[in-house]
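Subject: Structure handover

Hello,

Here is the structure I said I would pass on. My notes on it come after the model.

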Amino acid sequence: MYQKEIKEGNENKIFKYIFNTEDSFSIPDLAKINDMSFPTVKRVINKFLEKAIVKEWTLSSGGVGRRAIEYKYNSEFCYSIGVRINEEKIRIILIDAKGKKLIYKTYDYRNENKDILDILINKLKTFLAELDNKFLEKIIGIGISIPGIFNKENSFLEFTLAKRHPASSIKKIEEELNLEVWVENEANMSILAEAIIGNNRELTDFTVINISNNVTCSTFHKFGTTNDEYFFKASRVHHMIVDYEQQKKVGDCISYKVLLEKVKKAFPEINSLKDFFENKKFKDSSEGKEIISEYLTYMGIILKNLLFTYNPRKLIICGEISNYEEFLLEDILNIVYEENHNFYRGRETIKFSKFKGDSSILGAAIFPLVDKLM
């Protein structure tokens, strides 16, 4: 579980405001909106100018007399790296201080007979070596999204589900790369992306189910009077039994990997789910329909359980499966919200992530910025 209690300092409050606005602003604007005195805001803005967090933008044109200088958030004042790991690939991304993707690389390591920690460090070194100096000198840290858990109490983490590593592995990465490192479960990273740069910044609670090669879930809650304090906590739904008769686990039924394997077994000429969903010859065949029907039946069971358990304002489907929203959403809603359903909220509750398959890696990349500055 990650818990963030925002400092009550004026810098944090102003930073969060300017991070979330696309508009330019003046010191009088900030003072009024944030209920602060002009001198207090001026001191903070001067400090932000020194750090290049903001830059002078224009002169305001309204009113009479001397016009106020306006400023704008500088999304190039720092950069951050996000990493996403599964048992086949390591994906690495560079973002700016607004969460915009700048560079995205994928490294396949299936044929490398080394420990995943050493492979990860080597791939990060390769990625960094190829970056322009204008990025390198402003990188504030690395966030790593893992399919397993990071257990601080027992000091271990799971870069993959096959093997646990000591928590000291984080220190090894930091020493090798000379950068600060954050590690979290991929569902927690997905929920961070949704809460900070997604469409759900105003929600006080929501739940994410991240469906990739593994299935993970996380819940997000804001608390406190400032609405700036929050926590999120992942649960290991991948291992939950969803079919007691056949002893099937959630991961056996709705993971992206399982669906792809079933499709490829039925249609050997297919290489990806994109090929399957976009080709009616396969998707609309009797075998294709049967595969989708079984998959959606299990997904419906799992989503219903999450709705009953958490009663979230939104239930967001993230991970690689979210690339296929147009083929799945309507059927999912019809299964979950059958006639006379007894959920507190309606069909608008379930959404697919706008980040498609990149929610967890974006959350990982935004983590250093959140932890250092928000």
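Predicted model: local features only at pLDDT ≥ 70, side-chain atom pairs only at ≥ 80, totals over all residues.

Residues are numbered from 1 along each chain as its sequence is written, and side-chain values use heavy atoms, with hydrogens and water left out.

Overall

The protein has 14 helices and 19 strands (DSSP runs, H or I of at least four residues for helices and E of at least two for strands, numbered from the N terminus). Its radius of gyration is 23 Å, close to the 21 Å of the globule rule for 374 residues, so the protein is as compact as a globular protein of that length (taken over C-alpha atoms; the rule is 2.2 Å times the number of residues to the power 0.38). Along the principal axes, the C-alpha atoms fill a box of roughly 75 × 55 × 45 Å. Of the 374 residues, 53% count as buried (under 20% relative accessible area, 1.4 Å probe, protein chains only). Among contacts (heavy atoms within 4.5 Å) between residues at least 6 apart in sequence, 61% join residues at least 24 apart.

Helices α12 and α13

α12 (286–310) packs against α13 (residues 325–336) at an angle of about 60°, with the axes 9 Å apart.

Helix α9

The buried residues of α9 (residues 256–266) are Y256, V258, L259, L260 and V263. They pack against β13 (205–211), α8 (250–254), α10 (273–277) and α12.

I211 lies in β13 and counts as buried because its relative accessibility is 0%. Beyond its neighbours within four places in sequence, I211 is in contact with residues including Y256, Y295 and M299.

C217 lies in β14 (residues 215–223), and it counts as buried because its relative accessibility is 1%. Its C-alpha atom is separated by 8.6 Å from that of E186, 31 residues apart along the chain. Leaving aside neighbours within four places, the contacts of C217 include A187, V208, L306 and Y310.

Regards

Notes
Buried < 20%, exposed > 50% of the residue type's maximum accessible area, 1.4 Å probe, protein only. Axes fitted to C-alpha atoms, helices over the stretch in contact; angles between N-to-C directions.
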